[in-house]
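These are my notebook entries on what I looked up in the structure.

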2 protein chains.
Amino acid sequence: MAASAKPRYRALKDDIIARIAAGELRPRDRVPSEHELVDRFSVSRMTANRALRELHAEGYVKRVTGVGTFVADMRATSNVLEVRSIADDIAHRGRQHAARLVRLSKQHARGEVARALQVAPGSDVFHLLIVHTENDVPVQLEDRHIVAEFAADCLQQDFTKITPSAYLSGIAPLQEAEQVVRATLPNAATRKHLEMQAGEPCLVVIRRTWAHGRPVSFGRLSHPGSRFELTGHYAPPGTPRSTPQQSVAGGRRGK
Amino acid sequence: MAASAKPRYRALKDDIIARIAAGELRPRDRVPSEHELVDRFSVSRMTANRALRELHAEGYVKRVTGVGTFVADMRATSNVLEVRSIADDIAHRGRQHAARLVRLSKQHARGEVARALQVAPGSDVFHLLIVHTENDVPVQLEDRHIVAEFAADCLQQDFTKITPSAYLSGIAPLQEAEQVVRATLPNAATRKHLEMQAGEPCLVVIRRTWAHGRPVSFGRLSHPGSRFELTGHYAPPGTPRSTPQQSVAGGRRGK
DNA sequence: TGCCCGAACTTGTATATACAACCTCCCGGA
DNA sequence: TCCGGGAGGTTGTATATACAAGTTCGGGCA
């Protein structure tokens, strides 16, 4: 592919994104100013402005009038992806969320996990197993693998206080996510953790998230079918919603 | 606050967003071209271009080179899952979709249906029961109620050739949708229609759609847990997707 | 009749220029 | 020492202009 086909503002953006992803530019670092980009890439200031402006709109950088452009603080860019954490969701309904840590360990990626995270078999990954409760009733079993290289201080976290997704988005902005929803019968361990009755089905969400263009997390979220449901709402922008406010993920089953 | 402080490109955006929100501009409607905005608002083309370009980046409109700018359909990457017809989805995977009509009748709305459609109990509604198959294997039981007033010619349709959702969006663009995903055990009738084994769970999607600001359709879509899953993908606009192409809704269970 | 070509319109990109608002820093005066 | 002001940098917005590439549609030619 010839780079010639790529618009110049796009080339500027890609260059800066690549330098952020490579770690060359780190959060709060100064990004080249419009004028510097004009000189170094021989583009007009409008083109440099467009590149930086779009990077700002996409959450990569922060711009301060009269000061400069800086790599964004990762915490601020949650708007990129609207995957709400179950803790926020439960809290939003005025209920009590708690998490019980079942396992937190470093492992070698094998089989499905290595494939999903696109790492070589045997690579270091962290393995998390957490039971989330709503008013002391289990509503989610979170079985998550995280690329170790990406989250070095994972073992030091207290995942009963901070959810894994909050921890991850604190390290770097999530750029992309993929999820699959299934209905299955739980295995014995899952059934026990979620205190489910025999024969009760499970709503399973399998989710992968990306940052810096690479998969960083692969999670299997199992929920008791009788106590959990996913809701979604779609409307053209600006439409006052004609339905009562709904949470994005989770919600106890009505009656 | 004086509107004078507002940048002109922002005023253009706000004007168009307001007209979309008010229903004056509806999905797929044509939005004024850059040239028209230049004439009507006395701005330069670059300013009009910026307004429309940002509206595009934010998902409000769709732009086609050489053709024009149009109000976007329902936000594609909303919250949980995208709305897509099962027939399209199956065809997209190169498989054979077929529909078997179990019931098509006019009824009086009662209880749950009347509440969901926000009509008075006893109002006329159409009731549809359709089994969708993929390569002759049942994958969805569609149990749908439609407000009769909205779709007068419903009984004349051949729902083995056109799906209800395609029929509905042909009458009027869907403005809003709401759905709930659950995992349950099917009742006997559902199990029989979907040829499910005893104890096999069901993935149920309950969906309501709006047009003209009123609910028009209420459907319960039941899928065999062993043969169906929902997939979703979220990325900021413009991001080349780093995962293999996935169908948005539906897909047979891998192994 | 049928087909091709061009006019007219659309969006996409790029440049040069201009002015305004804001921030930082240094220098000079009180 | 303290304070004020200005120089020079930064982003934010707006305009006029230009060319490229795509679509649509109708008219004219074979």
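I looked up the secondary structure of chain A and found seven helices and 10 strands, where helices (H or I, at least four residues) and strands (E, at least two) are DSSP runs numbered from the N terminus. I kept in mind that this is a predicted model, in which local features need pLDDT of at least 70 and side-chain atom pairs count only at pLDDT 80 or more, while totals for chains, interfaces and linings use all residues. Residues are numbered from 1 along each chain as its sequence is written, and chains are lettered from A and ligands numbered from 1 in the order in which they are written.

Next I looked at burial: 39% of the 255 residues in chain A are buried (20 or more other C-beta atoms within 10 Å of the residue's own, with C-beta atoms placed from the backbone).

I then turned to helix α2 (residues 34-41) and helix α3 (residues 45-57) of chain A, whose axes come within 9 Å and cross at roughly 120°; axes are lines fitted to C-alpha atoms, for helices over the stretch in contact, and angles run from 0 to 180 degrees between N-to-C directions. The two helices are therefore oblique to each other, a class left over once angles under 35 degrees count as roughly parallel, over 145 as roughly antiparallel and 65 to 115 as roughly perpendicular.

Last, I looked up DNA strand C, which has 22 residues around it, and A:P7, A:R8, A:M46, A:G66 and B:S33 come nearest; a residue is near a strand if its C-beta atom, placed from the backbone, lies within 6 Å of it. Elements giving two or more residues to this surface include α1 (8-21) of chain A and β3 (68-71) of chain B.

Definitions and conventions:
Buried ≥ 20, exposed ≤ 12 C-beta atoms within 10 Å, placed from the backbone.
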